[in-house]
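Subject: The structure you asked about

Hi there,

Here is the structure I promised to pass on. Have a look at it first, and then read on for my notes.

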Amino acid sequence: MRTQVAIIGAGPSGLLLGQLLTRAGIDNIILEQRTGDYVLSRIRAGVLEQGTVGMLEEAGVADRLHREGLVHDGFLISFANRSHRIDLPGLTNGKTVTVYGQTEVTRDLMDARATSNAQTIYEAENVEIHDFDTTNPVIHFTHQGVAQTLECDFVAGCDGYHGPSRKSVPVGAIKEFERVYPFGWLGVLADVPPASHELVYANHERGFALCSMRSLTRSRYYVQVALDEKVEDWSDSRFYTELRARLPEDIAAGVVEGPSIEKSIAPLRSFVAEPLRFGRLFLAGDAGHIVPPTGAKGLNLAASDIRYLFDALVEYYAEKSEAGINDYSARALRRIWKAERFSWWMTKTLHHFPADSGFDQRIQLAELDYLASSVAASTAVAENYVGLPY
Ligand code: RFL
Ligand code: PHB
């Protein structure tokens with residue numbers, strides 16, 4: 001088999017790159033280790049920046065997003081039993097975010113790929129990437145028990161944090177930066193109307209809580225939990241009781257209980273690999289960096305990586321210029337580090353850190369009190385939340 005761009009991973013970054021390349025007439029094949037249904041069963045992100053929406057439009061997959069997505073022009077930060085609203089358009093010259101689940105983005109991209117001739121090989125096992133330091137990279141994998149070889153011009157490593165792309169790079173050629181947080185998020189998805197029509201990020205002495213949604217009839221809630229907590233120990237009723245305890249009274253009163261249709265615990269981590277390009281292998285999305293979900297940046301960063309990578313590949317094929325390719329890593333990392341900073345700041349400002357002293361806790365409250373009283377501080381939050389320019 002041969003293709004121009006081999007894409008490892010059919011998550012949002014791999015599918016978005018594939019769709020843009022196909023529309024630009026650049027041949028690509030996606031190798032995904034799971035089934036399509038498994039990929040769709042992962043409940044993850046919910047908030048899209050305007051730039052991400054723009055890319056989905058460019059990829060021709062935004063019709064349902066515009067019909068069903070919810071445009072949000074603000075969110076609440078609550079602390080000390082009060083709430084501060086961040087007015088997104090008012091503070092950012094009219095920008096907003098769109099609430100539309102990652103599952104739906106993935107489904108739209110998969111449907112579009114199915115109607116094009118582009119090939120996706122699901123359940124590709126033992127993917128190994130070789131010779132990416134030459135102009136003819138080769139990928140070995142097994143499909144339905146048969147060993148296969150895929151030759152290509154470029155490899156896009158869109159295979160998430162645990163995928164083989166980053167691990168193919170010699171240890172000395174890559175530098176990794178990491179922060180692991182001493183807690184995780186217990187998330188519940190339920191078919192009940194959201195407690196508030198806007199997202200609520202709550203700082204509370206019992207720990208952080210987030211009220212989010214997927215639609216006007218489906219809520220997504222999270223509470224901060226210790227890393228040794230087990231999902232089995234959290235009945236729905238225990239979850240809702242804990243959620244309400246961490247919210248201001250007026251918002252807690254709006255929480256409607258209903259059976260969870262998904263419940264899971266995700267650890268929080270910050271991670272960046274440098275660089276993101278090794279010869280003809282590129283890392284994009286979670287393969288190259290992870291943010292804690294507090295800033296709603298993971299999926300959006302995956303989209304901005306794809307913006308830079310797609311432009312670089314088009315430039316290569318259209319003009320035989322390697323300028324974009326050579327610049328990919330540095331360009332992407334500049335935006336990534338700013339999103340890392342914002343996600344780290346939101347995490348440290350809103351969570352309860354078990355090792356914090358009384359002094360640290362008072363500083364956290366002072367930071368939130370300042371945010372609530374300062375247009376400049378609120379503007380900085382709004383500007384980052386809607387997404388920094390590409
Ligand atoms: P993905 O989605 O992990 O997809 C990678 C794909 O690669 C496949 N793969 C392999 N394929 C072939 N061979 C192998 N050996 C392979 N190993 C792995 C995997 O099966 C998978 O299909 O990475 P991608 O595409 O870079 O997308 C990144 C996003 O999924 C992620 O950043 C976001 O979900 C993060 N995130 C959020 N981001 C936002 O922008 N806004 C949010 O509101 C938001 N909320 C969240 C989140 C992530 C969360 N969790 C669970 C980590 C909330 C949560 C709780
Ligand atoms: C979500 O809806 O899953 C969500 C929303 C905002 C975040 C993180 C997750 O910051």
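Let me start with one polar contact: the side chains of Arg335 and Ser304 are joined at 3.0 Å. Please keep in mind throughout that this is a predicted model.

**Around Arg335**

Arg335 belongs to helix α11, which covers residues 323–350. Is this arginine buried or exposed? Its relative accessibility is 8%, and because buried means under 20%, Arg335 counts as buried. Besides the contact with Ser304, the side chain of Arg335 reaches the backbone oxygen of Leu388 at 2.7 Å. Leaving aside residues up to four places away in sequence, Arg335 touches Glu49, Asn300, Leu301, Ser304, Tyr308, Gly387, Leu388, Pro389 and Tyr390.

**The two ligands**

Ligand 1 has 32 residues around it, and those that come nearest are Ser13, Glu32, Arg42, Gln102 and Leu299. Arg42 also has a polar contact with the ligand: an N or O atom in its side chain is 2.6 Å from an oxygen atom of ligand 1. The side chain of Asp286 likewise places an N or O atom 2.7 Å from an oxygen atom of ligand 1. With Gln33 the backbone is involved, as one of its polar backbone atoms is 3.2 Å from a nitrogen atom of ligand 1.

Ligand 2 is surrounded by 14 residues, of which Tyr201, Ser212, Arg214, Tyr222 and Pro293 are the closest. Which backbone atoms lie by an oxygen atom of ligand 2? A backbone N or O atom of Arg44 lies 3.3 Å from an oxygen atom of this ligand. For Thr294, the distance from a backbone N or O atom to a ligand 2 oxygen is 3.5 Å, and for Ala296 it is 3.4 Å.

**Two helix pairs**

Packed helices can be described by the angle between their axes and the distance between those axes. Helix α12 (residues 358–373) packs on helix α13 (residues 375–386) at an angle of about 95 degrees, and their axes are 5 Å apart. That angle makes α12 roughly perpendicular to α13. On the α12 side the contact is made by Tyr370, Leu371 and Ser373, and on the α13 side by Val375, Ala377, Ser378 and Val381. Sorted by class, this contact has five nonpolar residues, two polar ones and no charged ones.

The other pair is helix α1 (residues 12–23) with helix α3 (residues 50–58), whose axes come within 9 Å and cross at roughly 45 degrees. This makes α1 oblique to α3. Here Leu16, Leu20 and Arg23 of α1 meet Met55, Leu56 and Glu58 of α3. By class, the α1 contact with α3 has four nonpolar, no polar and two charged residues.

**Backbone details in the loops**

Glu274 and Pro275 are joined by a cis peptide bond, with omega about -10 degrees. Pro275 sits in the loop between β17 (260–274) and β18 (277–278).

Asn81 is not a glycine, yet it has a positive phi of about 60 degrees. You will find Asn81 in the loop between β5 (74–79) and β6 (82–87), where it is exposed, with a relative accessible area of 51%. Glu123, also not a glycine, has a positive phi of about 55 degrees. Glu123 is in the loop between β8 (119–121) and β9 (124–130), and its relative accessible area of 45% makes it partly exposed.

Happy to go through any of this with you.

Best wishes

Conventions. Residues are numbered from 1 along each chain as its sequence is written. Chains are lettered from A and ligands numbered from 1 in the order in which they are written. This is a predicted model: local features need pLDDT of at least 70, side-chain atom pairs count only at pLDDT 80 or more; totals for chains, interfaces and linings use all residues. Side-chain values use heavy atoms; hydrogens and water are left out. Helices (H or I, at least four residues) and strands (E, at least two) are DSSP runs, numbered from the N terminus. Buried means under 20% relative accessible area, exposed over 50%, partly exposed in between (1.4 Å probe, protein chains only). A polar contact is a pair of N or O atoms within 3.5 Å; within protein, one must be able to donate a hydrogen and the other to accept it, and residues adjacent in sequence count only if both atoms are side-chain atoms. Contact means heavy atoms within 4.5 Å. Axes are lines fitted to C-alpha atoms, for helices over the stretch in contact, and angles run from 0 to 180 degrees between N-to-C directions. Angles under 35 degrees count as roughly parallel, over 145 as roughly antiparallel, 65 to 115 as roughly perpendicular and the rest as oblique. Ala, Val, Leu, Ile, Met, Phe, Trp, Tyr, Cys and Pro count as nonpolar, Asp, Glu, Lys and Arg as charged, and the others, Gly among them, as polar. A residue is near a molecule or strand if one of its heavy atoms lies within 4 Å of it.
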